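Colleague: I am new to this structure and would like to understand how its labels were reached. Could we look at it together?

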Amino acid sequence: MLAKTPPMGWNSWNTFGVEINDKIIRETADAMVDLGYLDVGYNYLVIDDCWSEMQRDAQGRLVADRNKFPEGMKATADYVHEKGLKFGMYSCAGVRTCAGYPSSYGHEFEDARQFASWGVDFLKYDFCNFPSSGNGKNAYYTMSLALKATNREILFSPCQWGTDTPGRWMKSVGAHMYRSTGDIVDNFESFKNIAVSQIPDLCESSQGCFNDMDMLIVGMYGKGHVGLEGCNDEEYKTHFALWCLFGSPLIMGGDIRHLSETSRLLLQNKELLAINQDEECRPPQLVCDQMNQYSFVKHMSNNEFILAYFNFNDKESEVQLTFTIAGLPYYSGFGFEMVDIFTHEEIGIKYDYYNPVLPPHGCKLYRARLKRYE
Ligand code: GLA
């Protein structure tokens, strides 16, 4: 089964945009293995838009850009596979991709066959330049069937930015993950707005088909294609913790050949990854939402809970989590025994509530177990 837990990997768009080529892809594949990303679960390497020639060949097939991929796409894919990684590519449901390259509208079955022949394991499928006479949902049904018709196991990753309430139908189409928002850029406002917009839809993401909150910006610091103001390390920590807690696919977007050590350690934080990859894939429950502060409780499969706090204010704030709102009244005789996920500090058993003080744009997460009042 594909997408038993949220898919993990890397995608070229956030950093490289149109400037991709075989050399960058091979070096990124090396980095994924040599710097420990594959070991913790990042196994898909995905080439986004701008990989092809501007025209199909005489037989109507998509052709890899001859300058960017001089040995052809199969050679790039083979290199990625030899590294023990899975290989992902990009096309679009419209007549041209978002960046104006040939796209799969009316070519779904032949393009899927082409992708399969190159060894593609993952297809991101965008929604630009879609004819107004066409049926958007149907285009996703068609590509899903076209991928199945290849008999190759290909993870299907629609990207239609939340048009048509995708959480209600994407799973039935055969999608393994689906984009639900517009594009992320590298600043605090962008990832905060994406996260807040998804809170009402947290339950529309489950094993087999996950709500994709877009590629990660961790470690970009304002550089690269979607690099704007950039974020500080506290903000990247909050961004990554949100994506892990909400069960989003974790598709890195920074230049992982050269990330700071702080960013690499964050992306490889085993405790955060365990939250994201928990086998029950339960979405968190929103407990408190007030004054730009949020707290959540997530049930884990091992009878533990994650208590998560986020402060989106520009100043230090106390964030509240009253246990009775999460279903644990004081009269139950139970409290939560808590350990800080980042510092491993043992907080002890808390009854009734726990309201830590958080830095601006910061977060705190705790692993907790139910404990009886002594
Ligand atoms: C859209 C998508 C992005 C990226 C670009 C490529 O904007 O949402 O993630 O794939 O297209 O052109």
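Colleague: What makes the link of cysteine 98 and cysteine 128 right-handed or left-handed?

Modeller: This is a predicted model, and in it the link of cysteine 98 and cysteine 128 is right-handed, with 95 degrees about the S-S bond.

Colleague: Why is the pair of cysteine 98 and cysteine 128 called a disulfide?

Modeller: Their sulfur atoms are 2.1 Å apart, and a disulfide is a pair of cysteine sulfur atoms within 2.5 Å, so the name applies. Cysteine 98 lies in the loop between strand S3 (86-92) and helix H4 (108-118), while cysteine 128 lies in the loop between strand S4 (122-126) and helix H5 (136-149), so the pair ties together parts that are 30 residues apart in sequence.

Colleague: Why is cysteine 98 called partly exposed, and why is cysteine 128 called buried?

Modeller: Buried means under 20% relative accessible area and exposed means over 50%, with partly exposed in between. Cysteine 98 has 36% relative accessibility, so it counts as partly exposed, whereas cysteine 128, with a relative accessible area of 17%, is buried.

Colleague: How do you know that cysteine 159 is in no disulfide?

Modeller: The nearest cysteine sulfur, that of cysteine 98, is 6.7 Å away, and a disulfide needs sulfur atoms within 2.5 Å, so no bond is assigned. Cysteine 159 is also buried, with a relative accessible area of 1%.

Technical notes:
Residues numbered from 1 in each chain as written. Predicted model: local features only at pLDDT ≥ 70, side-chain atom pairs only at ≥ 80, totals over all residues. Heavy atoms only, no water. Helix = DSSP H or I, 4+ residues; strand = E, 2+ residues; numbered from the N terminus. Buried < 20%, exposed > 50% of the residue type's maximum accessible area, 1.4 Å probe, protein only.
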